[in-house]
Amino acid sequence: METIESALYDKYKTYRNKLTSVLKAAEKSYYANKLLNERDNLRKVWQGSSLAKSIAPSSCKATDYLKVNTLDSLFLSPITPSEIIDQIALMKNSYSKGYDDIAIRVIKHSANELSSILAEIFNQSLEQGVFPDQLKISKVVPIFKAGDKTKVSNYRPISLLSPFAKLLEKKFHTRLISFVDKNNILVDNQYGFRKHLSTELALLDLTNQITKALDEHQTMIGIFLDLSKAFDTVNHAILIKKTRILRVKGSPA
């Protein structure tokens, strides 16, 4: 026999479920309208200024952490056609295309014909310190990360660039990393995004430190920080200031 308490609880669950459905529908409608209203300026949707503002200010300056031992300014050697041919051969045959709708396999088949033209354009870019406007255009695709799929903030925008933009970026990256390594700018403990290093090596280093401490009867304490959407909180003014202090400035030709 159903008691008054169970009847009331069933009624509560019914209204609770209805409220949940209404709230989800309202939230979905809110973000749909927000995207519609900002359709002419979608860049505002992805801005991370609110995330950056939530981080408490530090008493130290960002530049205090720099090891300023750079004697020479960055020099970018000219890009040769043979470099471009070799770089094109290393490109992955991705099915994704940028706004220009040019497939990588087409570029690979035309590498010899394109190399001299691209070398001329790329070297002009390095000499003038200007990245071509046409190569800045990208096709933005939202990629779901985690959480509620109806929330725009849970999607990460992926920019699909032109293969030519990737080629120029790669050649500049090669020269910049050579400059960084030569002047020992990066700390030894940075494992991510570095050649011959990886996050697996970081874990191995941490394991070795823990094992050594245990062997020496010491106490180990670990602090793990996961900053959500870290790249969205990068302060571009600070980043530019750091590069100038490290003598990555001006037209680097």
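Angles between axes under 35 degrees count as roughly parallel, over 145 as roughly antiparallel, 65 to 115 as roughly perpendicular, and the rest as oblique. This is a predicted model, where local features need pLDDT of at least 70, side-chain atom pairs count only at pLDDT 80 or more, and totals for chains, interfaces and linings use all residues. Residues are numbered from 1 along each chain as its sequence is written, and side-chain values use heavy atoms, with hydrogens and water left out.

Start with helix α3 (residues 81-90) and helix α5 (residues 111-128): their axes come within 8 Å and cross at roughly 120 degrees. That makes α3 and α5 oblique to each other. On the α3 side, the contact (heavy atoms within 4.5 Å) uses Pro 81, Ile 84, Ile 85 and Ile 88, while α5 brings residues including Leu 118, Ala 119 and Phe 122.

Now look at α3 by itself. Ile 84, Gln 87 and Ile 88 are its buried residues (buried means under 20% relative accessible area, exposed over 50%, partly exposed in between, with a 1.4 Å probe and protein chains only). Seen down the axis of α3, they fall within an arc of 100 degrees, so they line one face of the helix. Their cover includes α4 (104-109), α5 and α6 (163-182). The face turned away from the buried side of α3 carries Asp 86, Ala 89 and Leu 90, which are exposed.

Last stop: the loop between α6 and α7 (199-215), where you'll find Asn 184. Asn 184 isn't a glycine, yet its phi is positive, at about 50 degrees. Most residues other than glycine have a negative phi. Asn 184 is partly exposed, at 41% relative accessible area.

Key
Axes fitted to C-alpha atoms, helices over the stretch in contact; angles between N-to-C directions. Helix = DSSP H or I, 4+ residues; strand = E, 2+ residues; numbered from the N terminus. Arc of directions from axis to C-beta.
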